[in-house]
Amino acid sequence: MKHFSLTRAQPVAILALILLAAAGRPAAAQAPTTATPAPTAAPALISLEEARAIILAAEEFARGRNACMAVVVVDQSANVVSSDRMDACSPSNTHLAEGKAFASVMFRQTTEALGELAKSRPDRYFGIINMYPGRVYLVGGGVPLVVDGKVVGAVGVAGLPQGVDELAGRAGIAAWEALRAKNKK
């Protein structure tokens with residue numbers, strides 16, 4: 001194989017040719033400057049007011065049972081809109097509630113249904129767990145928030161007995177739907 005090398009003069013000649021070629025071209029006309037509008041955030045599909053309505057109704061449900069819980073509401077991208085932990089409730093329940101809400105919005109179904117995958121489709125169940133380590137909790141209590149067939153967020157509840165977490169979340173959803181109906185008028 002032949003070795004290729006440049007003499008000292010050759011790089012200078014190449015550079016000169018490039019500069020001459022560029023000088024022969026007319027300068028590109030600059031586009032007139034226009035003010036670009038400042039980026040605005042997309043409107044939230046679930047507001048803080050709505051998230052707080054869900055949380056307050058879910059807490060009222062738990063108080064009616066002399067129980068405590070944590071509740072988290074996330075938007076359509078699984079970002080927390082609001083969360084709350086009742087007095088005497090373990091701090092870990094907040095993390096569990098967020099995992100339920102995250103799973104529910106990401107997979108657009110209840111975490112009760114997702115938890116059933118352990119029995120019917122263990123490959124999918126463990127696939128979800130491994131795809132989102134530390135982010136999903138596939139136990140009942142996560143419920144998607146749906147408007148006109150579109151998932152706009154989810155609520156996750158943790159700390160109540162099995163099956164009751166989801167009932168608290170649904171009590172919150174009922175309050176949310178009532179608020180949305182009232183605000184629509």
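Contact here means heavy atoms within 4.5 Å of each other. By that criterion, in this predicted model, the buried residues of helix H2 pack against strands E1, E2 (80-85), E3 and E4 and against helix H6. The buried set of H2 consists of Glu50, Ala51, Ala53, Ile54, Ile55, Ala57, Ala58, Glu59, Phe61 and Ala62. Helix H2 itself covers residues 48-63, and its 16 residues reach 22 Å from first to last C-alpha, close to the 22 Å expected.

Helix H3 (residues 92-107) also has 16 residues; at 1.5 Å a residue these should span 22 Å, and the 23 Å between its end C-alpha atoms agrees. Its buried residues are Asn93, Ala97, Gly99, Lys100, Ala101, Phe102, Ala103, Ser104 and Val105. Their cover includes strands E1 (70-75), E3 (142-147) and E4 (150-158), together with helices H4 (111-120) and H6 (164-184). After H3 comes Arg108, with a positive phi near 55°.

Side chains of opposite charge can pair when their charged atoms come close. The whole structure holds eight salt bridges. One of them joins Glu50 and Arg180, at 2.8 Å from N to O. This pair links helix H2 to helix H6 across 130 residues of chain. Glu50 counts as buried because its relative accessibility is 9%, under the 20% cut-off, whereas Arg180, at 28%, is partly exposed.

Asp84 lies in strand E2, 32 residues from Arg52. Arg52 is partly exposed at 26%, and so is Asp84 at 24%.

Arg121 and Asp123 form another salt bridge, at 3.1 Å. Elsewhere, bridges with shared partners join Glu59, Glu60 and Arg63 into one network.

Methods
Residues are numbered from 1 along each chain as its sequence is written. This is a predicted model: local features need pLDDT of at least 70, side-chain atom pairs count only at pLDDT 80 or more; totals for chains, interfaces and linings use all residues. Side-chain values use heavy atoms; hydrogens and water are left out. Helices (H or I, at least four residues) and strands (E, at least two) are DSSP runs, numbered from the N terminus. The expected span of a helix is 1.5 Å times one less than its number of residues. Buried means under 20% relative accessible area, exposed over 50%, partly exposed in between (1.4 Å probe, protein chains only). A salt bridge is a side-chain nitrogen of Lys or Arg within 4 Å of a carboxyl oxygen of Asp or Glu.
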